[in-house]
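Keep the 3D view open as you read.

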Amino acid sequence: MIFVKILKKIEEKRLNNLKKATKLGNFSCYLYTRLGIIRITRWRIKFKEKTYYLLDKTISLNPLKATNYILKRASELATECTYRKVSYLLSKEISDFVGKNLIWYWIKRLGKLLEIKEAIQKQAILNNLRLPSTESKYPKAIIEIDATSIYKQYKGKPTKENLEVKLAICYTDIKRKNKKNYLENKIIYGRVEDTTTFGNNLYSLLEEKLNITYVKDKLLIGDGDRWIKEIKNLHFPTAKYHLDWWHLTKNIRRAMRENKRLNKLFLKYLYEGKADRINNRNFSY
């Protein structure tokens, strides 16, 4: 009740300042907040040939009729759980019911807004309309790129069609704390996109977050696929390219075949960071 009264006072104060505004009616809606679901009423007005809800504009209420906290919390939970479980957890958290279909609608709309924002940022960077700083505060950056396939689903049932999901992770350093490794300034990007679109979007994201062009020491890690090398050559030409550990280990074992001694020795050098010793010695088979 206190929350509703505060909103009404804000609306009345704003309405008094707009003396030439025309009231078109008082309409109600349900607002999802951390206090639960609250029913509020607000005036729809016409002012300077524009029609809108005065309270929505005054407090920057988004069209999804949920506070920023609720939308953020729903998005966080949806990355870990199914919509049904998100509905259960969020309902418990605010002590009011939030349906899974509504949460799905929120996530879908937020995703569209994020795509629009990313598209604007990408075009600005790719067209040099908004150049970032010519300096980067990060001395190095590691970019790992890979792809995986997932089954398409129709009404919850897998089909025979596959989707190729391209994935990338970028970080500026690895720190060890409490016997665990942590990636600093971690950025994750994953989409079902063609190589050109994925490369453009990844580059613009890293340019926005890290000024990746001006990071002096860049390392790109991949599995050797041609599309990853194309992205590297186009967007990260100064980066060093390394084969990822899994494929490197696989290739060494394939090359050594039955020579278990050299296989073990080469892998030991690699994991100790002494790969140059493999090239600087003559090994007998």
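Start with helix 1 (residues 2-17), whose 16 residues reach 23 Å from first C-alpha to last, close to the 22 Å expected at 1.5 Å a residue; the expected span is 1.5 Å times one less than the number of residues. Helices here are DSSP runs (H or I, at least four residues) and strands are E runs of at least two, numbered from the N terminus. This is a predicted model: local features need pLDDT of at least 70, side-chain atom pairs count only at pLDDT 80 or more, and totals for chains, interfaces and linings use all residues. Residues are numbered from 1 along each chain as its sequence is written, and side-chain values use heavy atoms, leaving out hydrogens and water.

Which residues of helix 1 are buried? They are Val-4, Leu-7, Glu-11 and Leu-15 (buried means under 20% relative accessible area, exposed over 50%, partly exposed in between, with a 1.4 Å probe and protein chains only). They sit on the same side of helix 1 because they cover an arc of only 70° around the axis, taken from the directions from the helix axis to the C-beta atoms. Turned away from that buried side are the exposed residues, including Lys-5, Lys-9 and Lys-13.

Now move to helix 4 (residues 83-94). Its buried residues are Val-86, Ser-87, Leu-90, Ser-91 and Ile-94. Seen down the axis of helix 4, these fall within an arc of 125°, so they line one face. The face turned away carries the exposed Arg-84, Tyr-88 and Lys-92. Just after helix 4, Ser-95 takes a positive phi of about 60°.

How values were computed:
Axes are lines fitted to C-alpha atoms, for helices over the stretch in contact, and angles run from 0 to 180 degrees between N-to-C directions.
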